Amino acid sequence: MRTLRTRPVPPPPARPGDVLAEAEALRVRLGAREVLAGVDITVRAGEVLALVGPNGAGKSTLLGALAADLTATRGTVRLFGRPAAEWTAPELALRRAVLPQATTISFPFPVEEVVRMGRAPHAASPAEDEKVVAGAMAATEVTAFAARPFSALSGGERARVALARVLAQRAPLLLLDEPTAALDLKHQELVLRLCRERAQAGDAVVVVLHDLGLAAAYAHRIAILCAGRVAADGPPGEVLSEPLLSRVYDQPVEVLPHPRTGALLVIPRRDP
Amino acid sequence: MTAPAVNDASVQASPASVVGSGRRGIPWALTGGLLLALLVLVPVAAGLGAYPIPTGEVLSSVLHRTGLGGTALDRVPESVLWNVRFPRIVLALLVGASLGCAGALMQGVFGNPLAEPGVIGVSSGAAVGAVAALALGLNFLGTWTVPAFAFVAGLGTVLLVYVMSRSGGRTEVVTLILTGIAVNAFAGALIGLFLFFADSAAVSQITFWQLGSLSQATWPKVLAVLPCAVLGLGLAPLYSRRLDLLSLGERPARHLGVDVERLRIVLVLVIALLTAAAVSVAGIIGFVGLVVPHLLRLVAGPGHRFLVPGSALLGALVLLAADLTARTVAAPAELPLGVLTALIGSPFFFWLLRRTRRRQGGWA
């Protein structure tokens with residue numbers, strides 16, 4: 001039925017620095033608990049923003065609010081300059097792609113079909129879709145099992161296929177919830193390199209991470225969440241401080257420069 | 001569930017065309033095969049029965065009626081063919097297509113391969129409506145009274161089962177099946193009540209109808225279910241792509257631009273239409289909606305663009321074959337159709353349950 005109506009058109013390409021998503025004094029209540037208690041954050045094109053913080057700090061909830069999945073109890077979320085609630089689902093699908101923490105699928109779709117689902121919002125030619133799908137699969141290194149059913153894959157393989165689907169959506173705002181959680185060392189690097197590439201190409205990437213070293217190495221900006229508020233927001237060099245992290249995580253940590261590259265390393269303090 | 005080794009090898013060679021070479025042709029081949037099988041089975045089924053008519057004469061009579069040549073048969077075979085056999089065949093095709101399609105849609109909406117109108121109680125729910133209309137002797141909507149009542153009751157039941165069996169955007173198998181048991185029990189009780197208060201003529205009508213049968217087929221009955229079935233079958237394929245996306249879960253589907261709330265409402269309506277169409281004329285015929293989509297998924301993959309119309313085709317074929325068996329295997333007596341499908345379908349359901357349990361590592 002939808003095909004009979006006019007299809008929404010993709011947004012014009014964003015210039016670096018354009019604000020694609022922002023939250024202002026955002027409060028979100030889930031059940032009885034206020035998970036976000038006044039969050040201000042801006043997401044800009046051309047930038048990888050890492051959301052870090054202890055378990056239960058509200059990272060996924062903030063991501064959900066930026067994805068327009070959750071409605072604010074107070075405050076506002078604006079996507080592409082318009083309040084989140086004013087967008088329709090098809091319009092949003094052309095603007096933001098979301099990688100959930102875990103991907104399950106009810107029926108044994110082959111990998112390639114799952115990735116192709118990312119093309120659903122677009123009215124592109126089959127050839128164009130084919131190209132984007134193949135590109136996304138190659139980028140996430142899942143081409144080798146393109147024909148296998150998704151349900152037969154290992155956790156890390158599923159995570160990469162899910163990411164390929166999100167990449168194939170070609171949305172200018174990428175919201176990734178722990179894309180590296182199930183991945184081995186090599187593929188963690190691969191995924192964050194992909195985030196950088198997408199930012200380089202002008203997209204905005206918001207990524208929830210637990211590994212502060214990865215965040216320090218790849219994010220342009222890190223927002224540290226703690227108990228539903230932003231404890232710090234800025235470039236890695238500014239926000240990754242020992243006292244702050246030790247307080248936020250309730251665990252003594254050390255921040256030291258890498259002996260060769262000078263990039264920041266964050267490790268828990270382990271006294272012998 | 002692992003792909004054959006040949007497929008893996010070809011992946012390396014040409015990644016983009018892997019699914020294409022292996023599977024994309026299968027739906028077309030299957031569609032052709034199913035249509036061909038229907039074309040063969042319909043005249044055969046029309047000829048077989050207590051009064052056999054050679055297939056050649058069946059075709060000749062059909063040609064005659066459509067004005068393409070051929071000749072009319074004698075009075076008796078012509079009447080048997082057009083007043084008894086053909087309404088029954090058309091009804092079998094409509095009911096089978098409705099059940100197969102409803103099964104495929106329901107499994108898609110619930111995201112669960114065990115969902116089926118009979119299993120989760122929607123058929124019984126629709127049956128309550130139909131029995132109410134029969135027992136109370138209502139006919140203010142003419143021949144459409146029974147289908148209308150079945151539709152309203154079926155709709156209520158789908159909504160009830162949907163609300164009861166879902167939590168957190170998921171349908172757990174155990175909850176779904178248990179909800180089905182509860183709904184079936186309650187519907188059974190209501191039907192029992194209506195039987196208790198109905199007069200004896202209505203009782204025998206209802207009892208026979210409850211077993212599931214097409215033996216009362218007439219053209220007016222075909223007309224009575226035609227609107228429901230045609231509307232449902234026509235609408236269903238429009239939502240195939242969105243059903244594919246829904247298998248990722250509600251939120252991911254919304255992220256991909258699916259208006260999930262609307263999709264759900266429309267599909268629940270379509271499921272109720274199809275179930276009502278089937279139940280109001282044929283009683284409760286179980287397991288067609290379970291077995292048919294499952295077989296197709298095994299052969300052609302889970303994509304709904306083929307699965308939804310394919311299930312309608314295979315459902316029609318299966319029910320036509322089942323009805324043919326039911327009325328010929330113990331001739332001159334006739335097996336109730338619902339008994340026959342349950343006889344074959346239940347063991348299949350049992351196997352499916354075992355397999356799902358094994359996959360999940362036991363019920364929670």
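**Note on the predicted two-chain model**

1. Chain A holds an open, antiparallel sheet of four strands, ordered S2-S1-S4-S5. Strands here are DSSP E runs of at least two residues, helices are H or I runs of at least four, and both are numbered from the N terminus. Two strands pair if DSSP finds at least two bridges between them. S2 (33-44) and S5 (82-83) of chain A are the edge strands, each with a single partner, so one side of each lacks a neighbour in the sheet.

2. This is a predicted model: local features need pLDDT of at least 70, side-chain atom pairs count only at pLDDT 80 or more, and totals for chains, interfaces and linings use all residues. Residues are numbered from 1 along each chain as its sequence is written, with chains lettered from A and ligands numbered from 1 in the order in which they are written.

3. S1 (19-30) of chain A pairs with S2(A) over nine antiparallel bridges. A:Arg27 faces A:Ala37 in S2(A).

4. The chain contact takes 32 residues from chain B and 32 residues from chain A. Contact means C-beta atoms, placed from the backbone, within 7 Å. On chain B, helices H1 (5-13), H2 (18-47), H10 (240-246) and H11 (250-255) each give two or more residues. The largest share, four residues, comes from H11(B).

5. Leaving aside neighbours within four places in sequence, A:Val206 contacts A:Val43, A:Leu49, A:Leu51, A:Leu63, A:Leu66, A:Leu174, A:Leu175 and A:Leu176.

Definitions and conventions:
Contact = placed C-beta atoms within 7 Å.
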